[in-house]
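Colleague: Please take a close look at one part of this model. What is it built from, and how does the rest of the assembly connect to it?

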2 protein chains.
Amino acid sequence: MILRDVFYGLSSFSQFQKNLDIARNVLSDRLDKLIENGILELQPVRPGVARYRYHLTDAGRDLFPLVVGLMQWGDKWVFGSEGAPVVLVDREQGAPIQPVALQARNGRYLQPRDVEFEPGPSAAPELVAWYQRRQSNAQD
Amino acid sequence: MILRDVFYGLSSFSQFQKNLDIARNVLSDRLDKLIENGILELQPVRPGVARYRYHLTDAGRDLFPLVVGLMQWGDKWVFGSEGAPVVLVDREQGAPIQPVALQARNGRYLQPRDVEFEPGPSAAPELVAWYQRRQSNAQD
DNA sequence: TCTAAAAAGTCTTTTAAAGAAACTAAAAAA
DNA sequence: TTTTTTAGTTTCTTTAAAAGACTTTTTAGA
């Protein structure tokens, strides 16, 4: 919810507090954790003044598709027919954006059954072994 | 983590328990909540036997881009240069899939600054008012 | 310039959630 | 048929989250 508000454009403690109806200490803890984890950072309101605003880091900005995807999921499965409370539009076209979805390199949309999980560059040896075992056996 | 495991193909209580290293009562609670919220459902292992497997509902399957997006975020910002432990490949091509990202109707990739939040069909009146106030004023 | 209100937290107490370990009943395997 | 595994539940302890009062610094207004 904090992140959603940051993407809405909010950046101060009290703005979050008003909007989220959350205890101040909890808000404070969560903001600290978001900073510790490199998702938000504090920037002085203006040089030389000890008052700060919370802003997204590059890592934080990269969470945008996830926050939007979660909203879209809620629009579909929680709000459903009553419609979305908020819609995201492309500034250039003024049109709603596409739903977040998985795509292959060639642009095809992918469902869970269309993809496979494979051990990556830093896979643990036991994961590689498990994967190879699964490849040889047909059952599971 | 439970959902990630479900997308990996796990479906039984003990599979989750082994893989997640979580207290049994906590796992039980969370599975119940996932069912209550229509993300998982219980299906009998075989007709007439009181043993069940946890399976995704349509709503649950729709969370796939979010789970994958979260993995991709971690691959980039947590694992970084050491590389991903798991990669997702398109079965048809055998190639890694695209990163989850926002796209406009015309296919353009969108950053947070390229989009705008607007009140939707079920927006609360105060959100509409807030939005209109923000449209007329240039500041914030 | 002084005052009051707002902003941004912190501190203390209460409540809820998580974790560990033992217990139970049914189903599968030996 | 006996033993193991599965899929939980129960009870107790520990840890974390939430609520609400309190503090200090900033800022806007009279």
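**The surface near DNA strand D**

Modeller: Six nonpolar, five polar and four charged residues make up the surface near DNA strand D. Here Ala, Val, Leu, Ile, Met, Phe, Trp, Tyr, Cys and Pro are nonpolar, Asp, Glu, Lys and Arg are charged, and the others, Gly among them, are polar. The model is predicted: local features need pLDDT of at least 70 and side-chain atom pairs 80 or more, while totals for chains, interfaces and linings use all residues. Residues are numbered from 1 along each chain, with chains lettered from A and ligands numbered from 1 as written.

At least two residues each come from α3 (24–36) of chain A and from α2 (13–20) and α3 (24–36) of chain B. Helices are DSSP runs of H or I, at least four residues; strands are runs of E, at least two.

Now the two chains. In contact (C-beta atoms, placed from the backbone, within 7 Å) are 52 residues of chain A and 52 of chain B. α5(A) gives the most to chain A's side, ten residues. That side has 33 nonpolar, nine polar and ten charged residues.

β6(A) runs antiparallel to β3 (residues 86–90) of chain B, joined by five bridges; pairing takes at least two DSSP bridges. A:Val115 stands opposite B:Asp90.

A 180° rotation with 0.0 Å of shift along its axis superposes chain A on chain B, RMSD 0.1 Å.

Conventions:
Contact = placed C-beta atoms within 7 Å. Least-squares fit on C-alpha atoms with pLDDT ≥ 70 in both.
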